Amino acid sequence: MTAWAIIPVKPLARAKSRLSSVLTPEERQALAEALLRHVLRTVIGVPGIAGALVISRDTRALALARDMNAHTVQEGGTPELNSALMRATQVITAWRGRAVLILPADLPLLDAEDVTQILRLGQDEGSIVIATDQVQDGTNALFTRPPGLIGYAYGPGSFNRHVAEARASNVPVHVYQSERLALDVDTPADLDQLRRLKPELLFSLKYSAEG
């Protein structure tokens, strides 16, 4: 199976605005960059993943991705996540990719084992694997084989919408549960949890921001 990872990235300089009460703008950008590097490093190293494609309108994010041997697509027009993901999926299809794994760029605990397990669950043609966040609202991983098997419905409540879309289309859905994959970093509470679980990442933020 030729599977590709798709990682959409918001402008890094405006990332993590909900952390503005606890981090400076420079620290928030440094955090966003560190998280993106971690996600890219993890997925690119997994057997079964042919490559990673980052789609963004941020030239800094695209340059960072290329430095890590990821492919890139410059997002244009009015920013809209679902449209951007469909465009990226069409690119993967043109490259003869047989499956796509969509991951957000802010999964600090993502592990190669998570990616491997998702690939295993989605090994059958015409299937979907989905993982949600800690409050079972958003979509923290979406694997489809083939690409574009269902329409994308990201935004608040996307987990239930994606599951409903698959079932309405008679597509088998596998729900992958992982505490590592469930943690994304949006709020001060998420940051506190990350500080307990992965303090080394936050320890370096001040120096990255100053550099």
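**Burial and overall form.** I began with burial: 52% of the chain's 211 residues count as buried (under 20% relative accessible area with a 1.4 Å probe and protein chains only; exposed is over 50%, partly exposed in between). This is a predicted model, where local features need pLDDT of at least 70 and side-chain atom pairs count only at pLDDT 80 or more, while totals for chains, interfaces and linings use all residues. I number residues from 1 along each chain as its sequence is written, and side-chain values use heavy atoms, with hydrogens and water left out.

I found nine helices and seven strands (DSSP runs numbered from the N terminus: H or I of at least four residues for helices, E of at least two for strands). The seven strands make an open sheet with mixed pairing, in the order S3-S2-S1-S4-S6-S5-S7 (two strands pair if DSSP finds at least two bridges between them). S3 (71-74) and S7 (173-175) each have a single partner strand, so one side of each is left without a neighbour in the sheet. From one strand to the next, the twist averages 20° (angles run from 0 to 180 degrees between N-to-C directions, with axes fitted to C-alpha atoms, for helices over the stretch in contact).

I then followed S1 (residues 3-9), which pairs with S2 (residues 49-56) in the parallel sense over seven bridges. Trp4 has Gly51 as its bridge partner in S2.

**Helices on the sheet.** H3 (residues 81-94) lies across S1, S2, S3 and S4 (99-102), at about 150° to S1. H5 (residues 158-168) touches S5 (127-132), S6 (139-145) and S7, and makes about 165° with S5. Contact here means heavy atoms within 4.5 Å.

**The cores.** Which residues touch the most other members of the largest nonpolar core? Ile7 and Leu40 do, among 36 residues (a core is a set of buried Ala, Val, Leu, Ile, Met, Phe, Trp, Tyr and Cys joined through side-chain atoms within 4.5 Å). H1 (25-44) gives the most to this core, with five residues. Leaving aside neighbours within four places in sequence, I see Ile7 in contact with residues including Leu36, Leu40, Ile55 and Pro104. My last entry is a second, separate core of 21 residues, which includes Trp4, Leu53, Ile92 and Phe159.
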